[in-house]
Amino acid sequence: MIAYSYDQHTKEYLGEYPCQPDPEEGGFLIPGNATDIKPEQPKEGHVMVFEDEKWVEVEDHRGEVWDKESKLSEFWEKLGELPPNLTKKVPQFCDSWDEEKDSWTGHEEWLKRKYNHESSYKFRREKLYPEVKEQLDMLYWDKINGTTNWVDSITKVKEKYPKDK
């Protein structure tokens, strides 16, 4: 005979074990926190719990969860449904919780804005222009030497990344 064991606190299914024969009364000895009722295989994200002399399927969200308001994570240790302010879905940068969509939103829009900004001529020019101190030094020496190094360096950047039309 097989006994199906469960945790003494959570009543969660732990595994199956062979029962020892009862030497005095015949039959088999079923250990404490066990039953001879076989649990079904739970669906993904659930566990079987022994309640009221039967196995019940219960949600299992144990592990890291996120607060929908603060985006802070915490470690969840209880079986059953999560409180409405928590989710297992991981937020990303610039996300906020959307109840209608039941998901985090905002990150994709932020990426689009960032990409549009980084692909703009202004952003690309900023990366190539010399530092202001260096530009002032070029202007000084251009004035002293009668050269056009500053104008040439700025023109090179402007030609590489012309204004959007």
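How many bridges pair strand 8 (residues 63–67) with strand 9, and in which sense? The views below take that up along with a hairpin, some aromatic rings and a helix. This is a predicted model, where local features need pLDDT of at least 70, side-chain atom pairs count only at pLDDT 80 or more, and totals for chains, interfaces and linings use all residues. Residues are numbered from 1 along each chain as its sequence is written, and side-chain values use heavy atoms, with hydrogens and water left out.

**View A. Strands 8 and 9 pair in the antiparallel sense over 4 bridges.** Strands here are DSSP runs of E, at least two residues, and helices are runs of H or I, at least four residues, both numbered from the N terminus. Two strands count as paired if DSSP finds at least two bridges between them. G63 has W76 of strand 9 as its bridge partner. The open sheet has 3 strands in the order 9-8-10, with antiparallel pairing. Strand 9 (73–76) and strand 10 (86–87) are its edge strands, each pairing on one side only.

**View B. Strand 1 and strand 2 make a hairpin.** Strand 1 (residues 2–6) runs antiparallel to strand 2 (residues 13–18), and 5 bridges join them. Look for Y4, whose bridge partner in strand 2 is E16. Between the two strands sit 6 residues, and K11 in the turn has a positive phi of about 70 degrees.

**View C. Aromatic rings: 6 pairs turn up in a search of the whole structure.** W97 and W104 have ring centres 5.1 Å apart and planes at 80 degrees, so they are an edge-to-face pair. For Phe, Tyr and Trp (its six-membered ring), a pair means centres within 6.5 Å; planes under 30 degrees apart are stacked, over 60 edge-to-face, and the rest tilted. Both W97 and W104 are buried (under 20% relative accessible area, with exposed over 50% and partly exposed in between, using a 1.4 Å probe and protein chains only). Elsewhere, one aromatic cluster is formed by Y6, Y13, F50 and W55.

**View D. Helix 3 has a buried side and an exposed one.** Helix 4 (149–160) is among what covers the buried residues, contact being heavy atoms within 4.5 Å. Just after helix 3, G146 takes a positive phi of about 70 degrees.
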